Each structure stands twice: as structure tokens, then as C-alpha cells.
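Have a look at the sequence and structure first, then read on.

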Amino acid sequence: MIAFESVTVRYDMVTALSDLTEDIGSGEWVGLIGPNGAGKTTLLRAVARLLPHEGEIRVDGVAVSSLSPKRLARLVAYVPQQPELPPDMTVGQYVLLGRTPHIAYFGFETGEDRSVCGELLGSLDLATMAERRLSTLSGGELQRLVLARALAQQAPVLLLDEPTSALDLGRRVEALELVDALRRERGLTVLSALHDLTLAGQFADRLILLGEGRAVSTGKPDEVLTEESLGRHFGASVRVMRSDVGDLIVIPQRVR
Ligand SMILES: Nc1ncnc2c1ncn2[C@@H]1O[C@H](COP(=O)(O)OP(=O)(O)O)[C@@H](O)[C@H]1O
Ligand SMILES: [Mg+2]
């Protein structure tokens, strides 16, 4: 569904992503992990065509560089880590923005647009807030709202940049469970940067560990989340353990 072929992204002097070749299958959830500055955001922004790249990125077989903005928005929904949130906009108006690629130029939203948005607000626990202004929402509510807007786009590819960083423990799992449920229901392909390595291992089918712009390890969570590899690339001592239900747990270890 997403194919990277020798993809390199440079900012003036810095090569933030080097020669990435990778295939992400339809319906797959791939987690991007790696230390700060490894290139996770850069990779996501390149797919959303917010940055120019060398090499080729194809979504559903088509080079993103050849798509019109509207066709790209129907294929790819991107949730940045710090989205723009106009303080005076209402929750209802904001979610409806996700429908823009489906609404004709100068057209009005339809009943379907409104029902898609209403349903998403409900499943993200925001149904009672439709009239509230964004300036009155908590960090967690805003994060769920941003997710709702992206899901309203109904694009088959969802790009998420650390979607749970402002959520508390319960809400984190809840938001990722929702993404997972929608993925199964609608066959969404998910590519997400995930800060929390334990959550990354629980939700992603496959992980790409980036180090200094290169994919240094790729595979199933138990192949990538190893003490040796994480220690080397995060520059920290970590323990990887297994919970009684078989999930991997990654915890930093104090240097004593
Ligand atoms: N706008 C920019 N101009 C110059 N360098 C940038 C810019 N954005 C990111 N970088 C650099 O690119 C590298 C990768 O950054 P980023 O993709 O944000 O990493 P991550 O999301 O993994 O923390 C870093 O070295 C960062 O400093
Ligand atoms: Mg980032």
C-alpha cells in the first residue's frame, strides 16, 4: 500500500532520511520507532508530501509526487504531532474539515458528511462537545479530536505522528484500540511514529527502527525490540520483558 524506493530527504545541510526502501502492505500497522531526531516525523511528512524527497514514494501504486492535493487527501490522512488548532473553531466544525476532500469545490457538506463526523465524535467520546470551542478543550480531548478529523477523511492510509503523547494511560490504549478497530473494519493501513515502545510492540504488526535517518532494524516487534538493539540505538540501558499475557514490556534501566 505504501512503497518506499531509495527515499532520501534532506534539509539544507542535514540528511534526515537516507535511502529507505520498504513496503507496507495493505491493512498493515507499521510502527516507526527511534530516538529523537532519527527521522520519524520526516518520513511521515514526506509521505504526506509536505517535504520533497528523492527516490519514489508510492501509495496504492501511484507516486505521491504525481497526485493532485485532493486525490492525495483521499488516499492519505496525516495527523501531525502538533496540529494547528484554531481556538475559536468549534469541535463540530473542526471534524468537518476532514471531509474537505469529499466536498465539491464551493459545495456544502451533505447528510453523509455530518453522519460520518457525528459517529466519529461518538466513538471518541466527544459527542457532547460538538458546540465547544477548541480553546476550551483539554490536551487529551484535542488529541482525540485531531484523530477524529483524520478518520473523517476516510482515506485508506493513516499517518500518525506520536498520536498518544498527550493522553493519559487509559486514553492512550483507547485511542490506539479505536485506530486498530477501524483498521480491521475498513482495512486501513497505518504508519505511526510511536514514542512508547511497549505500546508500539502491542499495536504494530511490524516495527521500523530508525537511527540517524536509516532503517537499522525492521521486523516483528519481538525481532526489533531487543535489549541489545534498543540499547545501542537509544543510547540507554533498557530491559525487555514479557507480561503474563505475552506482550513485550520495554522499560529503561537506571544506571547504578
Ligand atoms: N525543518 C528542518 N530544518 C532542518 N533540519 C530539520 C528540520 N526538521 C527536522 N530536521 C532535522 O532532521 C532530523 C530528523 O528530524 P525528525 O524527522 O523531526 O526526527 P524525529 O521525528 O525522529 O524526532 C533531525 O536531525 C532534525 O534536527
Ligand atoms: Mg518527531
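Helix H2 (69-75), strand S6 (76-79), helix H3 (91-97) and helix H5 (139-152) each put at least two residues into the lining of the largest pocket. Helices (H or I, at least four residues) and strands (E, at least two) are DSSP runs, numbered from the N terminus. This is a predicted model, where local features need pLDDT of at least 70 and side-chain atom pairs count only at pLDDT 80 or more, while totals for chains, interfaces and linings use all residues. Residues are numbered from 1 along each chain as its sequence is written, chains are lettered from A and ligands numbered from 1 in the order in which they are written, and side-chain values use heavy atoms, with hydrogens and water left out.

So what's a pocket here? On a 1 Å grid over the protein atoms alone, a pocket is an open set of points with protein on both sides within 12 Å along at least five of seven lines, a cavity is a set where a 1.4 Å probe fits but cannot get out, and lining residues have an atom within 4 Å of a point. Grid points are joined across faces, edges and corners, and a volume is the space filled by probe spheres set on the points.

Back at the largest pocket, 24 residues form the lining, and Ala73, Val76, Tyr78, Arg149 and Gln153 lie nearest its centre. The second largest pocket is lined by 16 residues, with His195, Leu197, Phe234, Val238 and Val250 closest to its centre.

| Space | Volume | Lining residues by class |
|---|---|---|
| Largest pocket | about 640 Å³ | 17 nonpolar, three polar, four charged |
| Second largest pocket | about 240 Å³ | eleven nonpolar, three polar, two charged |
| Largest cavity | about 50 Å³ | six nonpolar, one polar, one charged |

Now for the ligand. Which residues are around ligand 1? They are Tyr11, Ala16, Pro35, Asn36, Gly37, Ala38, Gly39, Lys40, Thr41 and Thr42, where near means a heavy atom within 4 Å. Helix H1 (residues 40-47) gives this shell its largest share, three residues. Polar side-chain atoms of lysine 40 and threonine 41 each lie 2.8 Å from an oxygen atom of ligand 1. For alanine 38, a polar backbone atom is 3.2 Å from a ligand 1 oxygen. Taken alone, ligand 1 exposes 560 Å², and the protein buries 57% of that (Shrake-Rupley method, 1.4 Å probe).

Last, the charges. Side chains of opposite charge can pair when their charged atoms come close. The structure holds 16 salt bridges (a side-chain nitrogen of Lys or Arg within 4 Å of a carboxyl oxygen of Asp or Glu). One of them joins glutamate 5 and arginine 58, at 3.1 Å from N to O. This pair links distant parts of the chain, 53 residues apart, with glutamate 5 in strand S1 (residues 2-11) and arginine 58 in strand S4 (residues 54-59).

Key. A polar contact is a pair of N or O atoms within 3.5 Å; within protein, one must be able to donate a hydrogen and the other to accept it, and residues adjacent in sequence count only if both atoms are side-chain atoms. Ala, Val, Leu, Ile, Met, Phe, Trp, Tyr, Cys and Pro count as nonpolar, Asp, Glu, Lys and Arg as charged, and the others, Gly among them, as polar.
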